[in-house]
Every structure is written in structure tokens, then in C-alpha cells.
Amino acid sequence: MASILSSCRRDIRPPVTVFSPSMWGDTFSTFSLDKQVQEKYEKAIETLKQEVRSKLVEATSGKLLVLVDTIERLGLAYHFDTEIEAKLEQIYNEDQEYDDLFTTALRFRLLRQHQYQVSCGVFDKFTDEANKLKEMVSSDVEGLLSLYEAAHIRIRGEDILEEAIPLTKHHMTRHMLSSQSLESPLKDKVKRALVHSLHRGVPIIEAHVYISIYGKDDSRDEIILKLAKNNFNYLQNMYKEELSELYRWWNNFDLKSKLPYARDRSIESYLWGVAFHFEPQYSYVRKAVAKAVQMAAVIDDTYDNYATLNEAQLFTDVLERWDMNEIGQLPDCMKPVYQYIMSIYEDYEREATKQGKSFAIPSYKEAVKQLARAYNIEQNWIMERRMPPLEEYLKNSVITSSIFVMFTAHFPGMKSVTQETIDWLLSNPKIVVSAAMMGRLIDDLGCHERENKEGKYLTVVDCYIKHYGISKEEVLSMFEVLVEDAWKDISNEWANKAGSIPKDIVEQVVNYARAAEVTYRNSEDGITNPEKKLAPHIVALFVDPIVI
């Protein structure tokens, strides 16, 4: 009887969730880049860069730290990479101690963000006999904010920074609620930090926010502000052009009519591409990541929002053989998905060969197959209501995070990528596994209600409830702890560097985690329901220019 029930279950189609259509319509369909406008921005940027470079070269000590922080927050650091690295190396070697909390925390954060080994012992001077932060710091709002931001790059075992998060958050909130305590721009900085910490934010999103805050600062440098505004608008025009290209690419597949069960989120997917690398030279990366995220969403929806278990297994088997001649074995409803995947692969193969990166082709193909296998395994667990041991689920979730598909997808456009880079990625280094785990856990928090389908299907949250015998609320709290632990491991691996692996590759792993934070933080699914969470960022980055 059990086998009969199991067999019948394999032909049951899951309840289909009807997702809202793309909220962007044809917003990005017809953009035409005005080269004269771009040239105007380019000239202004080049002129202003020279002046800012002179300021950077001349700055010393605490003023230098503030200047570097300002340049980075405004999204300008890529113009001054060489100068910033030289200055930070000088600061690190001088090992100067500062008496104030603001500068001490700023130095700590900047050096750790740039992969220098710095000890949290620099904060000992601000603690009492019980190793607790002294009460005197509670009135130093700039110091509290600086410490709060620094504490978000903590690693395991840094108790003083662990305790600093709730303490600084409490005092900053208290100051925010006091009508006479804070004024802009400090009030705006605190408000932003309490919404999202700087280190865990997507750099270009944080840059847009900070341009507005910096413009209210009476001590602002008008040259730097003007450079930031021109630079942002220049980048935005590039993004609009890339989005227009992506929009046409996606519409050519006509999957919106062929696959009504799948999410149409190419614009939101592009935001992930910008999160990976916002700088001008990474156009290929942005578009490739966007295509990979949209493809992963279509494959995911095919498995958990449409296919029966038998159809899912057939699709997995056909994809495993990777042969267009076998498409006839698939039911008509799944053929467009297979054609879509193969079309993306043909473009990938052509581009990889053109860029001299043909060695990346097997890893991309295997990553797509691996993702399908992982989705299939997960769907079997859910539909047959038999969740695996926790460790098995977590191992599979590293794959369903889609991190391997996203990375291998853009490798042809990365000059720094070699076979060694691919071998490193596929060896499951700790920073990659930690980022994938963090991304998937925070995704699970955001997607639980949707995937639960009104209690009809098990999710990873149910898996934890069963495994530990605890309530849903306790599981969600435990997830938050696991996410924090993953961030600590990411920070530790980042600071330890990754041997000969290019820095821009490792940085993308951190940026993957940042994109996940922005998309799924506070138990919200920003991809599926972008209106509240991602839409404001999309409008700010890709629609409205900054007035200069």
C-alpha cells in the first residue's frame, strides 16, 4: 500500500503559485545611450579625479582615514586603488594608536576590509575591569557608530565586538529617539546604519545613499561630492544600457507566456549582477550574473512550483545527458525550459572560446547539472514529506544557493580567472561554503511562507523543527545565529586571503553574501516580491539620475 501511495504521489503536481508579473513593464526596453552625455561625464570625472588624488596623497593620520572612508563610501575607490592601498599599508606599518573611539574603530574597519590582520585588542582601552565597554562611550555617538560598523566585520571569538553590537545599537537608538540629541548628517548616518550596516551592504546601493547624506555635511568637500555625483550618473547610464540589452534578451525567449508558473525577475536579477561588481569594466559580469540568477529562478520554479516528481526526474536525467537531440523525451511544458538552458549555454560556449576561457566550459555545464540535481533531491524530500538529516540538507543547500552557477557563468568575462581559480571554487573553500550557507539560510527565512504553501509542504524550517524538537520561533532565531556565524567565517577567510586567488574573485564571494542580505533580510523574499524591498533600490540605481 505504501509503495502504491508513493507511486501515486510521484504523479501529483504541486499547488502552482501564480507570481505577479514583472512590475517594470517596458521601463528599460528602449534606452539609447547618449555618447555625448557620457563623454561629458568622463571629462568631468577625469578633471575632478586629479584634484581628489592630490588630496589623498597629501592627507595623513586621522584625516587620511576619514578621507579614504569617504571616497569608498561614495563609490569612488576604484579610481584610486593604488593610492588607497599605499596609504593603508603606511597606516598599518605605522601602527599608530588613537585615543578616541571613532578613529580607532575606523582604522580597524578600513584595515580589515582591506585584508590586513588587525586585532580587536585595540578596543581594550575602552573597556573597564570587567572587560565591558566603559559607560563614557555611551554619549559619543560618532564613536558608537564607528564601533558599530567595525563590529560587523568581527570573526569568531571576538567577544568585545560581539558585545558591541547590542550595546551600540541600544545607545544609538536612544539618541535617535531623543529629539535634541542628533542632527543631520550624523542622524542620517545612524539611521542608515540601524537599517543596514555598511560592510554588509551592496557597495553601489550604499554609495547612492551616502551621496545624499554627504551632501548635507557642512564639512563636505565639494570637489569630492561633485566627482561622486558625476561618477554615479555615468555608471547609471551604463546600467541602463545593459538593462535594455538584458530586457531584449529575456523577452526573446517569450517564457512569460510559455511558463506562466515561473517568476519574471530579470530586472531584479540584474541588481545581483551590479552587487557582484558595479565598476565600469565588469559589464560582462553584471549581465552574466543576471542571466544566471534568472535562469536559476526558472529552474527552481519548474521543480517546486510545477513539475511532478516523475517529470522532475525525467528533466534531471535529460539535462544530465546534455543533448538537444533528447528534448523530444520531455513533455511539451518542459521543452521551453530545456531550450532556454541550452541557448544560454551556446552563448556561454561561444563567449568563453572567444575570450580564451574555454577551460571554464566544463565547470559551467557541471554547475547547471548539479543545480538541477540538487533541486530534484530537495523536491523529492518535500513532496514525499521525508526531510533528511540536517547535515544532508545543509550540504544540498550549498548547491541550491546557486553560487556555483552564478560564478562559473561570468568567468569568461573575468581577465583574472584561470584554471586554478576554477579548481579553487570547486574545492568548496570555506569562504564559498560560508557565503552559500549564509545566502541559502537567509533565503529560507525569506521564502518560508511562500514555499510552505499554507502548511501543505515541508520547508527547511520544518526540517529544523523536526530535528531539534523546537518551535518555529526558536528555529527562526537559530537561523539568525547561523547567519551571523557564517558572516564571521566569511570575514575571517577574507582577512586571511586566499593564496594566489585573485582578490576580485574572492571579493565577489563577499558581494554574493551582501546581495543575499539585501534581498532576503528581515524574512522577506525580495526576488519574488520586489515591490517593498528591491524596487526602491532599482529606481534609485537605474531610473533616477542625481541632480548635479
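Me: What does Gln113 touch, not counting residues up to four places away in sequence?
Reply: In this predicted model, Gln113 touches Glu72, Ile153, His199 and Trp494, with residues up to four places away in sequence left out; contact means heavy atoms within 4.5 Å. Residues are numbered from 1 along each chain as its sequence is written, local features need pLDDT of at least 70 and side-chain atom pairs pLDDT 80 or more, whereas totals for chains, interfaces and linings use all residues. Side-chain values use heavy atoms, without hydrogens and water.

Me: Why does Gln113 count as buried?
Reply: Buried means under 20% relative accessible area, exposed over 50%, and partly exposed in between (1.4 Å probe, protein chains only). Gln113 has 17% relative accessibility and therefore counts as buried.

Me: What makes α3 oblique to α5?
Reply: Gln113 belongs to helix α5, and α3 packs against α5 (residues 101-113) at an angle of about 55 degrees, with the axes 10 Å apart. Angles run from 0 to 180 degrees between N-to-C directions, and axes are lines fitted to C-alpha atoms, for helices over the stretch in contact. Angles under 35 degrees count as roughly parallel, over 145 as roughly antiparallel, 65 to 115 as roughly perpendicular and the rest as oblique. The pair is therefore oblique.

Me: Which residues of α3 meet α5?
Reply: Among them are Gly62, Leu65 and Glu72 in α3, which meet residues of α5 including Phe102, Leu106 and Gln113.

Me: How do you know that the span of helix α2 agrees with its 24 residues?
Reply: The expected span is 1.5 Å times one less than the number of residues. For α2 (residues 35-58) this should give 34 Å, and the end C-alpha atoms are 35 Å apart, so the two agree.

How values were computed. Helices (H or I, at least four residues) and strands (E, at least two) are DSSP runs, numbered from the N terminus.
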